[in-house]
Amino acid sequence: MDRRAPLMFLMLTVFLAASGLGLHALASQPGKGDAMPDATLIVAADPHYIAPALTDHGAYYRDMIGSSDGKVMEYIEELTEAFLAEVISRHPDALILAGDLTFNGARESHEALAEKLRAVSAAGIPVLVIPGNHDLENRNAARFHGDGFTRVDSVTAGGFAEIYRDCGYAQARARDGASLSYVVDINPKLRILMLDVNTSDSPNRVKEETLIWAEAQLRDAAAAGAKVVAVSHQNVYKHNSVIYAGYVMENADELLALYEKHGVLLNLSGHLHCQHIARDDGGFYEIATSSLAVNPCQYGVIEVSEGHLAYDAVPVDVAAWAAARGLTDPNLLSFAEYARDFFTGSGRTVIDESDPDAAALKRFFGELNLAYFAGRLDLIDPQDPMFDRWTDAFGFEGQYILAIRDEAGLDSTHLALTY
């Protein structure tokens with residue numbers, strides 16, 4: 001027997017204890033050949049939260065949201081509470097918020113949302129956030145009152161990282177020095193790359209320094225045998241052949257090439273406010289999750305296991321949340337109908353009211369938009385003659401509708417892929 005063995009074992013034990021590892025930690029370090037542990041992620045995009053203190057729901061505010069894109073801002077507080085209650089109930093391995101966290105970037109809204117997210121973190125669910133184009137240094141940050149508004153403070157990138165310190169930044173395994181991008185471990189075999197493309201000096205573009213940093217992180221993940229899911233606010237693909245300027249990153253091709261080169265599983269984004277899945281010829285997918293604040297007020301549930309990834313869009317059940325709390329507001333107790341009606345009644349029409357088909361044109365446009373924003377183009381009939389009526393009579397709107405018809409049959413609320 002080698003008399004040095006007990007001494008060597010003692011020295012190894014002391015070393016491991018001093019390094020904070022311990023013998024069990026050494027034995028349990030994952031190998032590149034280990035299977036992917038099952039993981040559940042929840043992703044939501046564009047919640048556009050506004051702190052209650054920033055609006056009295058007066059005439060100016062109501063007119064503004066009524067003529068906008070259908071965000072249910074009158075009930076954003078209740079919707080946000082109901083969503084976070086569902087997240088806690090589902091208890092995923094992480095909650096991901098893909099930008100445009102706030103309505104207009106007001107500091108008070110960021111602080112109020114961060115406070116709400118602490119309940120999710122306290123439940124043992126990591127929260128990961130990145131900014132969207134509405135969130136930083138927003139000159140439209142305001143308090144709305146009566147017939148007008150008053151400007152309020154927004155936040156800088158540094159202020160954002162401090163407010164959301166416990167929502168990914170303090171937990172990151174690596175942070176980019178040139179942006180608010182970072183990487184977080186979900187488990188030893190799965191990492192999330194949160195990519196910021198909303199820096200003040202390079203909006204809607206991935207900075208060159210960030211691309212270099214991101215590639216280093218992808219190489220590191222590959223060396224560890226870990227897979228990567230990427231997240232951005234803006235998109236890497238044109239999800240609509242007409243509406244894409246300002247939505248697709250300016251150097252999306254560079255980023256996409258990087259992701260495909262290093263085997264990123266897929267990219268999760270938002271910004272569009274409509275639910276849509278796109279892919280290229282190489283098979284790389286991007287899922288744009290629709291705005292949480294826009295009908296049907298849904299989020300994505302992602303299941304990742306060895307060799308498989310599945311995504312499903314799930315509407316927030318605000319009505320059940322309201323009923324469980326004894327609330328009596330009829331709009332909350334029938335929230336799905338309220339959100340639908342508010343969405344179809346929002347915005348400005350281009351239809352001439354004297355047109356004998358005005359009512360039918362409006363109805364068709366409303367139903368088509370409902371299906372499009374919900375990601376359910378499998379519900380539309382591409383042979384409907386109203387398509388031709390719209391495309392013959394209107395310019396941009398006709399092109400937009402034609403682009404939707406071209407994707408008839410696409411269900412963007414589900415995806416199953418193997419890797």
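Author: Start with the elements. Helices (H or I, at least four residues) and strands (E, at least two) are DSSP runs, numbered from the N terminus. The model is predicted: local features need pLDDT of at least 70, side-chain atom pairs count only at pLDDT 80 or more, and totals for chains, interfaces and linings use all residues. Residues are numbered from 1 along each chain as its sequence is written, and side-chain values use heavy atoms, with hydrogens and water left out.

Reader: How is a cavity defined, and how many of 30 Å³ or more are there?

Author: Rolling a probe the size of a water molecule over the atoms shows where empty space is left. The search uses a 1 Å grid over the protein atoms alone. A cavity is a set of points where a 1.4 Å probe fits but cannot get out. A pocket is an open set with protein on both sides within 12 Å along at least five of seven lines. Lining residues have an atom within 4 Å of a point. Points are joined across faces, edges and corners, and a volume is the space filled by probe spheres set on them. Here the count is 1 cavity of 30 Å³ or more. The largest cavity has a volume of about 40 Å³.

Reader: Which residues line the largest cavity?

Author: The lining consists of P47, T80, F83, L84, L97, L113, L117 and L292. Helix 4 gives the most, with 3 residues. Helix 4 and helix 5 (107-122) each supply at least two.

Reader: What is the volume of the largest pocket, and which helix gives the most to its lining?

Author: The largest pocket holds about 870 Å³ of space. Of its 32 lining residues, D69, F365, N369, F373 and Y400 are the closest to the centre. Helix 12 (335-345), helix 13 (358-374) and helix 15 (396-405) are the elements that give two or more residues to this lining. Helix 13 gives the most, with 6 residues.

Reader: Now the packing. What makes a nonpolar core?

Author: In soluble globular proteins, nonpolar side chains tend to be buried together. A core is a set of buried Ala, Val, Leu, Ile, Met, Phe, Trp, Tyr and Cys residues joined through side-chain atoms within 4.5 Å. Buried means under 20% relative accessible area, exposed over 50%, partly exposed in between (1.4 Å probe, protein chains only). The largest core here has 87 residues. F83, L95, L117, V129, Y164 and F335 have the most contacts inside it. Its largest share, 6 residues, comes from helix 4 (residues 76-90). Apart from this core lies another, of 26 residues, among them V206, A226, V228 and V248.

Reader: What does L117 contact beyond its sequence neighbours?

Author: Contact means heavy atoms within 4.5 Å. Leaving aside neighbours within four places in sequence, L117 is in contact with L84, L95, L97, V127, V129, Y164 and C167.

Reader: How do I read the sheet, and in what order do the strands come?

Author: Strands of a sheet pair through backbone hydrogen bonds, either parallel or antiparallel. Two strands count as paired if DSSP finds at least two bridges between them. In this model, 7 strands form an open sheet in the order 6-7-8-11-12-14-13, with mixed pairing. Strand 6 (174-175) and strand 13 (276-279) stand at the edges with a single partner strand each, so one side of each has no neighbour in the sheet.

Reader: What are the pairings of strand 14?

Author: Strand 12 (residues 267-269) pairs with strand 14 in the parallel sense over 3 bridges. N267 has E286 as its bridge partner. Strand 13 and strand 14 run antiparallel, joined by 4 bridges. There, R279 is bridged to Y285.

Reader: Which way do the side chains of strand 14 point?

Author: In a regular strand the side chains alternate between the two faces of the sheet. From strand 14 (residues 285-288), Y285 and I287 point one way, and E286 and A288 the other way. All are buried.

Reader: Last, the backbone. Where is a peptide bond cis, and which residues other than glycine have a positive phi?

Author: Most residues other than glycine have a negative phi, and most peptide bonds are trans. The bond from N295 to P296 is cis, with omega near 10°. P296 lies in the loop between strand 14 and strand 15 (298-305). H48 has a positive phi of about 50°, and is buried at 0% relative accessibility. D100 has a positive phi near 50°, and is buried too, with a relative accessible area of 2%.
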